[in-house]
Structure formats: C-alpha cells, structure tokens
Amino acid sequence: MFKSAVHNLEESSKEQVQEFLNSFDTVLSDCDGVLWINNNAIPGSADVINYFRKLGKRVFYVTNNSTKVRADFALKAQELGFIAEPEEILSTAYLVAHYLKGIGFKKKVYLIGSNGVGDELKAVGIRHIGIGPDQVKADFKSMTQSDLDPEVGAVVVGFDEHVSYPKFMKAASYLANDECLFVATNTDERFPKSSTIIVPGTGTLVRAVETCSERKALVLGKPNDYVRKFLESFGLDPARTLMIGDRCNTDIEFGVRCGFQTLLVLTGVTSTKDLEKIRSEQKEPLPDVVLPKLGNLLNLVS
C-alpha cells in the first residue's frame, strides 16, 4: 500500500497502520540486525513477531547467516523469546545442502565455511572437507597436486573465521577444473554492528575466491533467485507477503524482486544517515515502509 514510498510508519494514522497490518498474511524476517545482534534480542522484536502470529500470520526466518543449522537457529530464537520451529528457518547453510542434493550432487565439497554448512551437508549425505584452520607453511607456494582431494567436485564459500591463504589456493586450484561447481552462501559485505568494530562478512571471502579463480559463484542467499524459488513451494502470495530487513541491497532488494511488501528497520546495517541518502537520491531498491526498530510497531497498534 506504500509501494517504494520509504514511508515512516510512525507518521501514519491508526487506520493506516491497521490497513498495513491487514495487507499481508505471511511475514519473512531477516534475523541479524532485525531481531537480534549477536546473542542479544533487539528490544521489542520478539513481541512483534509473536504478535504477528497472534494475528494469524505465517512467519519465516530468512537469514544469510551460514554458521548454524536450522535447529540451532530455532533454539537461539526460542531462547531470545521468539516462537520458532526449525521448519520456519530458511538459512543459507540449509539452502546449500538443499541445492546440491536437488541437483543430485554425489562428489565431495571443499568448504570454506563453518560447521553450520558442514552439518547441513552431512544431514543430506554429502561429504565435505576444509572446515577449521589450514596451517600457513613457511613456503606457502610449496603446495602441490597431492595436497588436493581428487574427489572434490564443488567449492562452497560461506563465513569462515579461519580463512587463510592456503584455503584460497586450494579453492582456486579446484575451480581451475571447469566441471567443479562454485557455490556461495551470500555476499553480505559486513555483519550488523554492535560497536565501532567492523566485522567483514561472507562477501569478502566470496570476492577473494572469485578473483583468484577467475570465476563467478552461484550465490544462493538473499537477494538471489534461489530463495524465491524455494519459497514458492510454500505457496506464498507475493502481494500479501511482507519482507522485513535491515539492509537495502539484500533484504529489500530480495523483497522487491519477489513482489513482496518491504519494511526496513534501522537497527542493523542501514543507518539513519543512510536512510536520508536513500530518500534524497531515490536510489532503488526503495523500501515501502521504515521503522527505527521493529519493536516500535506495537506502540502504533496499542
């Protein structure tokens, strides 16, 4: 109803807020920066998500975070006060496993990533190597063909706190074979901030592997088409679906591509200063509505 208006929902009348709430049946919400930061819930976010359920709306948690399996995400959400089940979690770790299983992949994965992706791969019977530190040798250029596993048929890149030069060398060497698949969980530039420290996101690693391999990854996370195709299996009506996110180039872009309504919150990556620039430049993708934080919505319907 506020198509690409970048409308501050707090400036709406009670009737407009109610009309907005009545305009969608399904809620898709990003997690980091919208519902929580690190292990701390953003005040009021759980109350709003649970309120949506009370209104009879379906809720899905759609996250580009690849560090946990769906069951762990659901447990974290529950501990922070959200009603959540593993089947409602759509994480990029799960998407990678779902994609590879769907195409009948039988070989081994070289994974620059964490146990989140590894465990989801294991759950569908796909073997993997690469998790954990890879020691940097004094003569790092001494790597030979014998250091590579001939059974590897795909390179997957997710978030990896142990990323290193040897890992990049192995990934690029595997990808020198045109038949080796190249899959990435997401290309988020950085994690939502809880301080002045910048934590580089998975996009940093994906771009590095793309550069040294001279290949482009198939990216499965938001805002890319694979998420939309996966969600189609739930029979969503795009016009009556709301996507909530904290960044325009993933969450809002995803919503716009899919024909969803979009709500941008300012508790994660996008700042108030960024929002002013978005409004002044009218640079797409533009969110339909905006709130300083998701929890503020309850103040508008009390």
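Q: What should I know about the model before we start?
A: It's predicted, so local features need pLDDT of at least 70 and side-chain atom pairs count only at pLDDT 80 or more, while totals for chains, interfaces and linings use all residues. Residues are numbered from 1 along each chain as its sequence is written, and side-chain values use heavy atoms, leaving out hydrogens and water.

Q: Okay, in what order do the five strands of the open sheet come?
A: S8-S7-S9-S10-S11, with parallel pairing. Strands are DSSP runs of E with at least two residues, helices are runs of H or I with at least four, and both are numbered from the N terminus. Two strands pair if DSSP finds at least two bridges between them.

Q: And which are the edge strands?
A: S8 (128–129) and S11 (218–219), as each pairs on one side only.

Q: What stands opposite His-128 in S8?
A: That's Val-109.

Q: New topic: where is Lys-222 found?
A: Lys-222 is in the loop between S11 and helix H8 (225–232).

Q: Buried or exposed?
A: Lys-222 is buried, because its relative accessible area is 1%. Buried means under 20%, exposed over 50%, and partly exposed in between (1.4 Å probe, protein chains only).

Q: Which side chain joins Lys-222 in a polar contact?
A: The side chain of Asp-30, at 2.8 Å. A polar contact is a pair of N or O atoms within 3.5 Å; within protein, one must be able to donate a hydrogen and the other to accept it, and residues adjacent in sequence count only if both atoms are side-chain atoms.
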